[in-house]
Amino acid sequence: MKAPDRIDIARQVMGQVLTHPVTWAPFVPIAAAFAFLHAPWWLCFALAVAAAVIVFLAWSYGWERLVKVTRAKMLASHRVTEDKELTARIQRLMLAVQNRPTKEVVEALREAMSIKQMVEGRLIADGTITEHEEEVGTMVGDLVRTMVGEAERLTSAADGGEPSRAALERFQKAAATLRQVYSEIDVILDPVPEDMRLPAGDDALTRASERLDERLKLARGIRQHLQRDMAIPEDRSADVPTAPAQRTPTAES
């Protein structure tokens, strides 16, 4: 299921703009004056141009805010649909598990879904979602989806016996990473606390640049950390040296 991207958001915003009364209402009396009152065309044209300029300025003033609100609504709707799908998959896993190790995996998944929903609630609490918040939410969602897929694989493998210890350790490590991300969500979203920020008039350009760079490095570090945790370790059995065969003593010896 694909999350809404910039094109989807822009298409939705343009649809709202074109259908909003602010866009078309100023032109209704101008068209009525031309059609029914037989006003001069040049006067109607001038009024239409003036109305178009006013409408353009009005939307340009509130465009950024409208994009943020639309992005938040679309992402929230996407997350709700995604959560329903993941919850249904987890419920199917709960009915399928038979042994204790996979039951522990499902219990960890239920906790992961709870953490995912709490993080998403934290991100949309103010009604808007910044690009940095969107990236954090996407990484959390990617990790939970990967955990669900891994749990499905472990459950399928467990039909013929218990899953491997290494697979369970990978899953538990990913679950621990998710717990840590949630426990430090405020640090991830805002690495510079209010009491450590410089005064407003003290080199605002440098402060803004450094803060953005810190957020970018932090987001990249989280993604690399999660990808590394979920990576399947390579089979190292080939690295284990083979013990030399013992020579059987002969009669001559």
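V53 is located in helix α4, a helix here being a DSSP run of H or I with at least four residues. The model is predicted: local features require pLDDT of at least 70 and side-chain atom pairs pLDDT 80 or more, while totals for chains, interfaces and linings use all residues. Residues are numbered from 1 along each chain as its sequence is written, and side-chain values rest on heavy atoms, without hydrogens and water.

V53 belongs to a nonpolar surface patch of about 1,100 Å², together with F34, W41, W42, L43, F45, L47, V49, F56 and L57. Such a patch joins nonpolar side chains (Val, Leu, Ile, Met, Phe, Trp, Tyr) within 5 Å, from residues with over 30% relative accessible area and no salt bridge; the areas come from the Shrake-Rupley method with a 1.4 Å probe. Helix α4 supplies the largest share of the patch, 9 residues.

Helix α4 (residues 41-96) also packs against helix α3 (residues 27-36), at an angle of about 175° and with the axes 10 Å apart. The axes are lines fitted to C-alpha atoms over the stretch in contact, and angles between N-to-C directions run from 0 to 180 degrees. The two helices α3 and α4 are therefore roughly antiparallel, a term for angles over 145 degrees. F27, I30 and F34 of α3 meet W41, C44, L47, A48, A51, A52 and V55 of α4, contact meaning heavy atoms within 4.5 Å.

The structure contains 14 salt bridges, each a side-chain nitrogen of Lys or Arg within 4 Å of a carboxyl oxygen of Asp or Glu. R71 pairs in this way with E134, with 3.5 Å between the closest N and O atoms. Because R71 lies in α4 and E134 in helix α6 (residues 131-157), the pair ties together parts 63 residues apart in sequence.

Methods:
Angles under 35 degrees count as roughly parallel, over 145 as roughly antiparallel, 65 to 115 as roughly perpendicular and the rest as oblique. Patches are made of residues with over 30% relative accessible area and no salt bridge: like charges are joined within 9 Å, nonpolar side chains (Val, Leu, Ile, Met, Phe, Trp, Tyr) within 5 Å.
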